[in-house]
Structure formats: structure tokens, C-alpha cells
Amino acid sequence: MTVVRSVLVLATAALTIGAARPQPDTTGFEVQKVAEGVYAAIRKGPPGLMFDANSIFIINDADVIVVDTNITPSSARATLAALKALTPKPVRTVINTHWHDDHIVGNQVYREAFPSVEIIAHARSANAMATTGAANRKQLVQMGPTMVTQLRNSIEQAKSMAGGAINDEERASYRSDVAAAERYFAEAASINDVAPTTVVTDRLAITRGKRQIEILHLGRAHTGEDLVVHLPQERLVITGDLIAWPIPLIGSTSYPAEFGPALEKLAALKPSILIPGHGPVMRNLDYLRLETRLVTSLTEQVATAIARGASTALEARKTVNLTEFEKAFAGDSRLLQFIFGNYVTDSGIRAAYRTIKK
């Protein structure tokens, strides 16, 4: 369990490279019409420690805008095939909500299919990919095979990573994680990062016919380079990983003290539809408000621990109590409790400690 957590908190979606026999993707995605001309390819796999991102199609009068492009070339090609089944219109713009692998690797597929495609991301994304992203990948290359071995052993020995006998929910999740890793391993050599051609610092407005599209940086949150895509006429926001379901992703590249204010700015847009980076389409703000309370409480508790003299994140963690939120997000699911431990209790507290101490 220790090795798994040390690997996963490095980045929320970068995976490892190694030799493996890829398994077919049995989870896939479901294309859902969300609003007129707006479709979401929602990932359908079980919750786990590895995941692919939702991808969104905004079909306009003469072209398509795609938001986020998946974690492997094959995943992106499957998503693109689904888009082509909806419309013959060309993809002229790709928007990356942030620079984590599950949101950008498929850029190369859209560049291959549409050589003149415009790729929009935050102004700091290219640098983040080349520095933090590259460093995380290098470490994951070394540690990842151990993580996969642990998952395999848990399945074969019928033991939960959280302790005790494995249950059906955990078994399905571990199998999905292993298969996802193997698919990534098989394609890793063919992955080429494609940098943005247009960058956003605070806001970029796009007009397509009568449709208005705003690309907004609401502040540092899941990363320092998060963007959201706001369709004001549809009252719809594509959130990237500012919102992730069923467990918020407060990883090593997060800024918890600024996460809450960014979510409050998101709520201030008064959307009636949210399309998260991971999870189902949301048609109210209940989950957003709960997540805002979580990151606010986490930040306040870590700040209090620091004020009282906590000299390390581990010391701060001893006084941080997130039981209320673990129950709200994970319920009685041991699997979700384990994921909460990885992406909130562990990496979230460390990220809060790091950013508050600076």
C-alpha cells in the first residue's frame, strides 16, 4: 500500500512505461448529448487509482471544438471515431483544461487527423509539461511496475490493498487499473507531447456563429494551470479536474488554499450543467459545494497545524480530521475510502502544507 500511494500522489494521471501485454478496453465510454450541439464522451470504468478523462465535443455551424483528448492514442482515436459518427465537421480547436496526461496525450491524434488544428491551453502548460510532468513521468517509470505487481498480487491472493479480504468492488477496480496500465504501457513509445499553439492567461473568448464560448482561468486549483470552458447561453461549464467524481483529485500538483476560491468562482458563473473531468454530468451544484467545503476545511486545518508548530506535513496530518468528508464522498465503500486516502488525506494534506509554508 505504501508503494502505491507514493506512486500515485506524484500526479493524478501520468502512468508508467514498461513491458506488458495490453488487455482490451472493456470499460470504454458513453457519448451523451448534454445540450444542443454539445456531447460528452463519459468514461464508464469503475472508480480506481488510474483513469482516463471525459472528452467533450462542441459541434458548431462549421466546425467542432474538442475539450480534453484522453490518455492514450488509441483512447483518443476511439473518441474521435465516436465524434465522426455524430458529424463530418472538422475539428479546428482542441482545448486542454490542464497538462496532466489523461487530458493531453490524444492531442497528437487530433493533430494527425487535422494538421491545422489549434490547441489551446494555459500559458504555463508547456513549461509544466516539460518540467514537473517530465520529472513525474521519470519517477513513475521506475516505480510503476511495482504498483502494478501489487495490484496483481492483491487480485491473485484475494487481499484488499486496504487490508482484509478483497471484495467484488475492489476486484473490479484493480482489474480495471491493471488493464489501463497495460494499455498505456503498450502505447507509451508512440506518445508525443503536442504543445499548445494558443495560450490563455486569464480569459479567452471564442465565437462560433451564435454560440459564445469563454475559456477561463479561475485560479490555481487542481494544478496551477487549470482552465474551464464556459458556455453562458447553455449555462454549462466544462470543469476539467476542478471537479472529479467520485473523489476529488487533490494531488501533488494542487494548490488547496486556492482551490476553494476557484470553485467559488465556478459556482458564481451560475451553471445549470457541469461536465467534470471525471464522472457523470452534473445538473446541480451539490457536489461542487461539498468539494468546496472539503478543500476549505483541509486548508484551514493544515494552516492551524502549521501555526501551532507542525514542522512537517506528517505532523500536520496528525491533527487534520477529514472524517466528515470521507463519509460524505466514500460512504461505506472501502475502495472509495482507499482512493480518498490517496488523493485527499495523503496528497491533499501534503500539497496544502507545501503551498501554505511557502
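The share that each element has in the pocket comes up at once, and the largest share of the lining of the largest pocket, 4 residues, belongs to α6. Helices here are DSSP runs of H or I with at least four residues, strands are runs of E with at least two, and both are numbered from the N terminus.

Before the rest, the basis. This is a predicted model, in which local features need pLDDT of at least 70 and side-chain atom pairs count only at pLDDT 80 or more, while totals for chains, interfaces and linings use all residues. Residues are numbered from 1 along each chain as its sequence is written, and side-chain values use heavy atoms, with hydrogens and water left out.

Back to the pocket. A pocket is taken on a 1 Å grid over the protein atoms alone, as an open set of points where a 1.4 Å probe fits, with protein on both sides within 12 Å along at least five of seven lines; lining residues have an atom within 4 Å of a point. The largest pocket holds about 650 Å³ of space, where volume means the space filled by probe spheres set on the points, and grid points are joined across faces, edges and corners. Its lining has 35 residues, and those nearest the centre are Arg43, Gly45, Pro46, Phe51 and Asp52. Two or more lining residues come from each of β1 (29-35), β2 (38-43), α2 (73-86), α6 (168-187) and α11 (334-357). By type, the lining of the largest pocket has 19 nonpolar, 11 polar and 5 charged residues.

Axes are lines fitted to C-alpha atoms, for helices over the stretch in contact, and angles run from 0 to 180 degrees between N-to-C directions.

β1 and β2 run antiparallel and are joined by 6 bridges. Lys33 has Tyr39 in β2 as its bridge partner, and Val31 stands opposite Ala41 in β2. The hairpin of β1 and β2 has 2 residues between the strands, and Gly37 there takes a positive phi near 80 degrees.

Pro88 is exposed, at a relative accessible area of 82%; the cut-offs are under 20% for buried, over 50% for exposed and partly exposed in between, with a 1.4 Å probe and protein chains only.

Is His98 buried or exposed? His98 counts as buried, at 1% relative accessibility. Leaving aside neighbours within four places in sequence, His98 is in contact with residues including His103, His222, Glu225 and Asp241, contact being heavy atoms within 4.5 Å.

The other sheet is also open, with 5 strands in the order β8-β9-β10-β11-β12 and mixed pairing. β8 and β12 (273-278) are at the edges with a single partner strand each, so one side of each has no neighbour in the sheet. The twist here averages 25 degrees from one strand to the next.

β8 (residues 203-208) and β9 run antiparallel, with 6 bridges between them. Arg208 stands opposite Arg211 in β9, and in the hairpin, with 2 residues between the strands, Gly209 takes a positive phi near 60 degrees. Strand β9 (residues 211-216) has 5 of its 6 residues buried. β9 also pairs with β10 (residues 228-231), antiparallel, over 3 bridges. Two opposite pairs there are Ile215 with Val229 and Glu214 with His230.

Last, the helices on this sheet. α7 (residues 256-268) lies across β11 (236-244) and β12, at about 165 degrees to β11. α8 (residues 286-307) lies across β11 and β12 at about 35 degrees to β11.

Terms used. Ala, Val, Leu, Ile, Met, Phe, Trp, Tyr, Cys and Pro count as nonpolar, Asp, Glu, Lys and Arg as charged, and the others, Gly among them, as polar. Two strands pair if DSSP finds at least two bridges between them.
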